[in-house]
Amino acid sequence: MPVDLSNLRNQIDAVDQQLVALFAKRLQLVTEIGEVKTKQGESIYVPEREAALIAKRRAEAEALGVPPELIEDVLRRAMRESYNSEKNAGFKNMMPNLGPVVLVGGAGRLGRLFHHLFQLSGYQVKVLDKEDWHQAEELLADAGLVVITVPIQQTVQVIQQLPPLPEQCLLVDLTSIKEAPLHAMLAAHSGPVLGLHPMFGPDVASLAKQVIVYSEGRQLNAFHGLIKQMHTWGARLQPVSASAHDESMRFIQALRHFTSFAFGAHLCAEQADVAQLLSVSSPIYRLELAMVGRLFAQNPNLYADIILSSPDNLAMIRRYHERFGALLTSLEQGDRAAFIETFEQVSDFFGDYADTFLKESRNLLAQANDHRHISHYAD
């Protein structure tokens, strides 16, 4: 007899409704867990707990004939939503005796994010923006923590203009370069100094798993409470010297942003049909195009500041340009053997990371493909 497709679809709908109800129950439990973690001062992200939970569910799925990768994908997405929900419960105040937190430049998007996080953690928060500078001495007189969150090109100048801070006041910055701001803070303040770089944008829904780099300036022990506070937000704190940080950022930020900028500028100059490119693109090209397009949906001043923040960035880009030209010349000469030799050298350079990145990218590519076909049949 013919299969009753309509009946089978109704059964799928019923199962999906049960899944929605179960996710609602899970989110309610997450909210309760968030309240407990707030009282106890625990991080919203516990990597050991997450790893153990996923391993156990994968084993259970395999025993039932369900692809473990499916269960892991679903759980990771549910966990991401859970972290977003947990943060709404607030966080335990890890420095209850700290004076007011003053965000210099706190009206910006990143400043507003940290303003929200400090408020959720029970701190008195003040904002010192450019129109408030005539009140700087008054606003900073009793500060326990001063956070510099202004554009890169203004950071050192703003630090140099700070009035004298209380001796035990903690002074930090959130700039994406570290050496110059650290030197300026050490010269402007005799008390505790720390350089911070949040490795995420202001649009993140949660700090769970997000990296915050910190570079020691002076009296690192004085920042124990602040580091614990950021840990409760779910962030992963990574200590890096200022010089090593800035060297890494030449690759991670300056060079990466410039190559995206150059690719986008080339597409524009060639008047490429973006809709057509998307219609015939592979998932990986769609992701690459998305990362380039994402750049041009944001503030150009930020990227100009990052790329132009150091002559060393431009020197790095110049070396990239020269290598690009040399590789192109080799191809123009039809030297296939040279291409393969270089490819193998780079493969050896990446070593085991190449296979790791191949595996990690598969899930991203699958998600990109899912979104591409989102208007097609769901079952």
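This is a predicted model: local features need pLDDT of at least 70, side-chain atom pairs count only at pLDDT 80 or more; totals for chains, interfaces and linings use all residues.
Helices here are DSSP runs of H or I with at least four residues, and strands are runs of E with at least two, numbered from the N terminus.

**View 1. Gln-271, in the loop between α9 and α10.** Helix α9 covers 242–269 and helix α10 covers 274–280, with Gln-271 placed in the loop that joins them. Take a look at the backbone here: phi is positive, about 55°, although Gln-271 is not a glycine. Because its relative accessible area is 63%, Gln-271 counts as exposed.

**View 2. Gln-219, in the loop between β6 and α8.** Gln-219 is a residue other than glycine with a positive phi, near 55°. Its relative accessibility is 37%, so Gln-219 counts as partly exposed.

View 3. You will find Ser-176 in the loop between β4 (170–173) and α7 (179–188). Ser-176 is buried because its relative accessibility is 10%, below the 20% cut-off. Which residues is Ser-176 in contact with, leaving aside neighbours within four places in sequence? They are Ile-152, His-197, His-245, Met-249, Gln-253 and Ile-306.

**View 4. A patch of negative charge on the surface.** Four residues gather here: Asp-335, Glu-341, Glu-344 and Asp-348. One of them, Asp-348, lies in helix α14, which spans residues 336–350. With a relative accessible area of 63%, Asp-348 is exposed, since the cut-off for that word is over 50%.

Key:
Residues are numbered from 1 along each chain as its sequence is written. Side-chain values use heavy atoms; hydrogens and water are left out. Buried means under 20% relative accessible area, exposed over 50%, partly exposed in between (1.4 Å probe, protein chains only). Contact means heavy atoms within 4.5 Å. Patches are made of residues with over 30% relative accessible area and no salt bridge: like charges are joined within 9 Å, nonpolar side chains (Val, Leu, Ile, Met, Phe, Trp, Tyr) within 5 Å. Accessible areas come from the Shrake-Rupley method with a 1.4 Å probe; for residues, only the protein chains shown count as cover. A salt bridge is a side-chain nitrogen of Lys or Arg within 4 Å of a carboxyl oxygen of Asp or Glu. Lys and Arg count as positive and Asp and Glu as negative; His and the chain ends are not counted. The place of a charge is taken as NZ of Lys, CZ of Arg, CG of Asp or CD of Glu.
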